[in-house]
Amino acid sequence: MKQQRLSEDKLLEQVTSTEYKYGFTTKIDSDTIAKGLSEDVVRLISKKKEEPQWMLDYRLKAYHTWLEMEEPDWANVNYSKPDYQEIIYYSAPKQKKKLNSLDDLDPELKKTFDKLGISLNEQKRLSGVAVDIVMDSVSVATSFKSKLAELGIIFCSISEAIKEHPELVKKYLGTVVPARDNFFAALNAAVFSDGSFCYIPKGSKCPMELSTYFRINEAGTGQFERTLLIADEGSYVSYLEGCTAPQRDENQLHAAVVELIAMDNAEIKYSTVQNWYPGDKEGKGGVFNFVTKRGVCHKKAKISWTQVETGSAITWKYPSCILKGDGSIGEFFSVAVTNNLQQADTGTKMIHLGKNSKSTIIAKGICAGKSNGSYRGLVQISKGAKNSRNFSQCDSLLMGDKCGSHTFPYIEVKNSSSKIEHEATTSKIGEDQIFYCNQRGIGTEEAIALIVNGYCKDVLNQLPMEFAVEAQKLLEISLEGSVG
Amino acid sequence: MLKIENLKAGIEGVEILKGVNLSVNSGEVHAIMGPNGSGKSTLASVIAGNECYEVGAGSILFEGEDLLDLDPDQRAHKGIFLSFQYPVEIPGISVSNFIKTAITEKRKVLGLEPISAKDLLSKMREKMELLNIKIGYLSRNMNEGFSGGEKKRNEIFQMAMMKPKLAILDETDSGLDIDALRTVANGVTKLKNKDNATIIITHYQRLLDYIIPDFVHVLHDGRIIKSGGKELAHELEEKGYDWITKEADKKWGC
């Protein structure tokens, strides 16, 4: 019999064989300290960064907390735990002098940014996005700072904030994610090298989207950024975070901490497109992404997390909201893609403390290849959170029959006036859907992109326009390969 | 335009089509009728290139080219359109976005620029009027939450937009109430011209009251056992299929 049936295995193989597009390294002299972690290393990092004593004390305390903690293993992921003495904890691209303008940037660095598709000058002129770039560990370029300063908005690297705005950093650092919170948060607090800091004053509406671009460059370095974002009463800010890492044989560790503080009536929109190197098809290399992201909402404040996760070998990440104030709102919109041998255990926590607080969770998982994706979410409603509401929707889309998708919803309700809804679906991209598209002249590769886009629409719609386009492209790249 | 010779096809090793011969010229309307399980939908699927079916023997020539060598999307680009019996849902993708993608892909293959949003919209307006479709419908997601009638209307709407050379309507009348049936049938009739052809697959005769076929074929147990003019449809409506199928069963030894 003449076989008309397209071999599904072949199709899947094509679909899952896309190589990582951002696997280049930049040759820049780096200022690196010896690998391994000790009290001396923590002191050295602090010294290199010319930090004040209080910061060093904070780090040392965190380091000693970390020593007493154990790496968690409750997540639904398998990996050999990193040897924390084999990691380089500080690597800064060497710069001869402080930069006055972006034109003084190292040409090699500039090339890297170009390859990443973020020409700073272009971005500066065209899109009105203020960018703070973290390469390895030190923030190398911050644009738009002066324009923002006119509005009283502070947007700079955290190292700079420690020096220039110690009162704000001291007041808020570690208030949402304390060092003792978890193993990775403690590690981050001890050794974080840079990250972004943002403060929006009372009643200000930040006129542009603020953006950070993270990239791991140095071999064997861990990236430990620290982000602290404070939206004062009645203010608004939209923050974008994008990540890539070059391809390497060994696994690179990424343990970031993000803290958001939304004061009364403030609103923070935090969007992430994560594209760390996922490792090759045999699962070699790839980034271990262990991130703690949490925000606190005061009265009638709102925090909205949107994430599109396509990279990393291991993802362990639960952007959460503490809905402390009455009438506060927490949102979580997520697309998590796993392919080949990637593993992701991701979700959110919504902790309802305030009355009439509301939360929405839309989590979309897409699993292909031999990957494993898990949604893990906690909705906790305390006794005082009267009339609070939660709506959760967790969907998974499977491609092929070698991947796995899991859902672990935890719900704790301690009062009777609250309302919780949970919906979940699991589906496969059907051959009938693909055939339907084919019959209309849409090729298989396009058809998969179309179906995946439709599936993710609720989440992609939450992203700012340019970011949504980038995210769509990323989804296509991570799933499609050279079909047809 | 279309020439099917000795076509044998099946699914999971079971042969369903056992040697179909059919010839369709441009400007013609053919009706393929037959009892349940006779292979009508299989025939439609195989012409369109559904990969769930295995083709064992025979050929399908379309304008001189063997369709069996082409992927389903390539067949669509050549001008073959299938109105599905059970249109599938594509969540999150609006009708307008879907149609735009389909038209863009076809134009890409033909080496044409993408159609402008303005032209596309005015074309959609024109076809919607033809099929009595309201504008809000364009922003609904493909077949999601559509009634049976809406799904079928959506199929014919796409057909109107894609302007195929050969349209195959697979049980388009099922699930339609009488008003919808009339609208859909009128639409199909208006889209008909001397350069295109239509194959109507149906169980009942009622659709053929509105779209008058030039030829009627009876498919039974994977073979066309009788062909005739439009009067054959009326005869079938009156007498049922038994009188023909019994004869055929004797001949083929079923």
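Good morning. Of the 484 residues of chain A, 56% count as buried. Please keep in mind throughout that this is a predicted model.

I shall begin with chain A as a whole. Its secondary structure comes to 12 helices and 23 strands. If we take the contacts in chain A between residues at least 6 apart in sequence, 84% of them join residues at least 24 apart. The domain assignment gives two stretches of this chain: domain 1, covering 23-317, and domain 2, covering 430-484.

How do these two domains of chain A meet? In the model, 10 residues of domain 1 are in contact with 11 residues of domain 2. On the domain 1 side, strand S9 (236-244), strand S12 (267-275) and strand S14 (302-309) of chain A each supply at least two residues. S12(A) provides the largest share of that side, with three residues. By class, the domain 1 side that touches domain 2 in chain A has three nonpolar, six polar and one charged residues.

As a general matter, nonpolar side chains in soluble globular proteins tend to be buried together. Here, the largest nonpolar core has 190 residues, and the members that touch the most other members are Ala262(A), Ile268(A) and Ile168(B). Which element gives the most to this core? That is helix H11 of chain A, residues 444-460, with 10 residues. The core also draws at least three residues from each of domain 1 (23-317) and domain 2 (430-484) of chain A.

Ile268(A) deserves a moment on the screen. Leaving aside residues up to four places away in sequence, Ile268(A) touches Leu229(A), Ala231(A), Val237(A), Tyr239(A), Leu260(A), Ala262(A), Gly295(A) and Ile303(A).

Is Glu309(A) buried or exposed? Glu309(A) is buried, because 27 other C-beta atoms lie within 10 Å, and the cut-off for a buried residue is 20 or more. Again not counting residues up to four places away in sequence, Glu309(A) touches Gln274(A), Thr315(A), Val335(A), Ala336(A), Val337(A), Ala344(A) and Thr346(A). Of these contacts, consider Val335(A): it stands 26 residues from Glu309(A) along the chain, yet their C-alpha atoms are separated by 6.1 Å.

I now move to chain B and its sheet. In general, the strands of a sheet pair through backbone hydrogen bonds, either parallel or antiparallel. In chain B, four strands form an open sheet in the order S2-S1-S4-S5, and the pairing is antiparallel. Strand S2 (14-24) and strand S5 (65-66) of chain B stand at the edges, each with a single partner strand, so one side of each has no neighbour in the sheet. Helix H1 of chain B, residues 40-48, packs on this sheet and touches strand S1 (2-11), S2 and S4 of chain B; the direction of the helix makes about 70° with that of S2(B).

Within the sheet, S1(B) and S4(B) pair in the antiparallel sense over seven bridges. One bridge places Ala9(B) with its partner Val55(B) in S4(B). S4(B), residues 54-62, pairs with S5(B) over two bridges, also in the antiparallel sense. There, Leu61(B) stands opposite Asp66(B), and the bridge partner of Phe62(B) is Glu65(B).

S4(B) and S5(B) form a hairpin with two residues between them, and Glu63(B) in the turn has a positive phi of about 50°. Most residues other than glycine have a negative phi. Glu63(B) is partly exposed, with 13 other C-beta atoms within 10 Å.

Asn387(A) has a positive phi of about 55°, although it is not a glycine. Asn387(A) is found in the loop between strand S20 (372-381) and strand S21 (389-398) of chain A. With 14 other C-beta atoms within 10 Å, Asn387(A) is partly exposed.

Thank you.

How values were computed
Residues numbered from 1 in each chain as written. Chains lettered and ligands numbered in written order. Predicted model: local features only at pLDDT ≥ 70, side-chain atom pairs only at ≥ 80, totals over all residues. Core = buried A, V, L, I, M, F, W, Y, C linked by C-beta atoms within 7 Å. Buried ≥ 20, exposed ≤ 12 C-beta atoms within 10 Å, placed from the backbone. Domains from an automatic or database assignment. Contact = placed C-beta atoms within 7 Å. Pairing = 2+ DSSP bridges. Axes fitted to C-alpha atoms, helices over the stretch in contact; angles between N-to-C directions. Nonpolar A, V, L, I, M, F, W, Y, C, P; charged D, E, K, R; others polar.
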